[in-house]
Amino acid sequence: MHYDFISRLNHWIIAIAIIGMLLFGLYLEYGGLEREARRPLIGVHRSVGVLVLIYGAWRVAWRVMRGFPEPVSTMPRWQHRLSKWVHWSLLSGILIMPLSGIGFTIFRGRDVSVFGWFSIPGVAEVPWIVAMSSAIHQYVGLGLCTIVVLHIAAALKHHLIDRDPTLTRMISGRAFPASDGSVSSDNQ
Ligand code: HEM
Ligand code: HEM
């Protein structure tokens, strides 16, 4: 089964955005920035995060509506299960990260301005929601870093060790037959 153009475009746009935002967030938190230098960068992090939520909601909805294309390689059942779990965790992370970021900002009574174009207004302070969403942003963020590394390692393993068309299909859309001819898939 081939990978349609919209799915591939969505995958790569959000992949770059999520990797960028994870690195950006870690830099904000552990980069040793001065308070003054950190403040405008947090504004950019928040604005991009809201845009990621908007595009990500459409990306996740598209996947849920269309279902996942069948894998192009035969693999042990545990690997198939693990890949399903990883894909659903990644999809959840696309929504949980920006939502928790917005949560701990607006429930502290602060507006989230998106590059000054529009803003999500702050609401009355609710300390337990702030504490909970801040912890989610931190721990889900760190968990997502681990899962993304696992996901990239799996893609490289398919490409370099198994030599199957999993990665090339995500790039070109087509599932070329593997060198041993073990893959049966259409070529549209
Ligand atoms: C795709 C979306 C997002 C990703 C992947 C992401 C990722 C991260 C990560 C990994 C950190 C470091 C966390 C830590 O280890 O403590 C962080 C920090 C932070 N994020 Fe995000 N973030 C996203 C969206 C947002 C949004 C939408 C907001 C607010 C509206 C936000 C506000 C913040 C703030 C203020 C920090 C600094 C740490 C803090 O004050 O607790 N993030 N982000
Ligand atoms: C350089 C980084 C990345 C590479 C090389 C890569 C590669 C791939 C490949 C080859 C597939 C197809 C798997 C299959 O056919 O079963 C895939 C699927 C997927 N990837 Fe990535 N990926 C990367 C980054 C990311 C990131 C950061 C996310 C998280 C947002 C992500 C989320 C997904 C999801 C949810 C799927 C399942 C199918 C879909 O919904 O599009 N990927 N990835």
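Throughout these legends, a residue is called buried at under 20% relative accessible area, exposed at over 50% and partly exposed in between, using a 1.4 Å probe and protein chains only. What you're looking at is a predicted model, in which local features need pLDDT of at least 70 and side-chain atom pairs count only at pLDDT 80 or more, while totals for chains, interfaces and linings use all residues. Residues are numbered from 1 along each chain as its sequence is written, chains are lettered from A and ligands numbered from 1 in the order in which they are written, and side-chain values use heavy atoms, with hydrogens and water left out.

**View 1**
Helices (H or I, at least four residues) and strands (E, at least two) are DSSP runs, numbered from the N terminus. Follow the sequence and you get α-α-α-β-β-α-α. The C-alpha trace spans about 60 × 30 × 30 Å along its principal axes. The protein chain has 188 residues, and 34% of them count as buried. Taking contacts (heavy atoms within 4.5 Å) with a separation of 6 or more, 66% are made by residues 24 or more positions apart.

**View 2. Helix 1, residues 5–30.**
From first C-alpha to last, the 26 residues of helix 1 reach 37 Å, close to the 38 Å expected at 1.5 Å a residue; that expected span is 1.5 Å times one less than the number of residues. Its buried residues include Ser-7, His-11, Ile-14, Ile-18, Leu-22 and Leu-28. An α-helix has 3.6 residues a turn, so residues three or four places apart point the same way. What do the buried residues of helix 1 pack against? Their partners are helix 2 (35–66), helix 3 (77–106), helix 4 (127–161) and helix 5 (166–172). Just after helix 1 comes Gly-32, with a positive phi of about 65°.

**View 3. The iron atom of ligand 1, held by His-45 and His-137.**
Both histidines coordinate the iron atom through NE2, at 2.1 Å. Donors here are N, O and S atoms within 2.8 Å of the metal (3.2 Å for Na, K and Ca), and since water is not among the atoms, sites may look incomplete. The site has 6 donor atoms with angles of 86 to 179°, and is octahedral. His-45 belongs to helix 2 and His-137 to helix 4, so the pair ties together parts 92 residues apart in sequence. Buried or exposed? Both His-45 and His-137 are buried.

**View 4. The iron atom of ligand 2, held by His-11 and His-151.**
NE2 is again the coordinating atom of each histidine, here at 2.0 Å. The pair links distant parts of the chain, with His-11 in helix 1 and His-151 in helix 4, 140 residues apart. His-11 counts as buried at 14% relative accessibility, whereas His-151 is partly exposed at 24%.

**View 5. The shell of 21 residues around ligand 2.**
A residue joins the shell if one of its heavy atoms lies within 4 Å of the ligand. The closest are His-11, Arg-59, Arg-63, His-151 and Arg-169. Look for polar contacts, meaning pairs of N or O atoms within 3.5 Å; within protein, one must be able to donate a hydrogen and the other to accept it, and residues adjacent in sequence count only if both atoms are side-chain atoms. Polar side-chain atoms of the arginines sit by oxygen atoms of the ligand: 3.0 Å away for Arg-59 and 2.7 Å for Arg-63. Helix 1, helix 2, helix 3, helix 4 and helix 5 each give two or more residues to the shell, and helix 1 supplies the largest share, 6 residues.

**View 6. Ser-47 of helix 2, in touch with Ser-113, Val-114 and Phe-115.**
Ser-47 is buried, with a relative accessible area of 2%. A polar atom of its side chain lies 3.1 Å from the backbone oxygen of Ser-113, and the Ser-47 side chain also reaches the backbone nitrogen of Phe-115 at 3.0 Å. Phe-115 lies in the loop between strand 1 (112–114) and strand 2 (118–120). Phe-115 is not a glycine, yet has a positive phi of about 50°. It is partly exposed, at 39% relative accessible area.

**View 7. Arg-163, in the loop between helix 4 and helix 5.**
Here's another residue to check: Arg-163 has a positive phi of about 55° although it is not a glycine. With 57% relative accessibility, Arg-163 counts as exposed.

Key:
Tetrahedral: all angles 85-135°; square planar, octahedral: opposite > 155°, others 65-115°.
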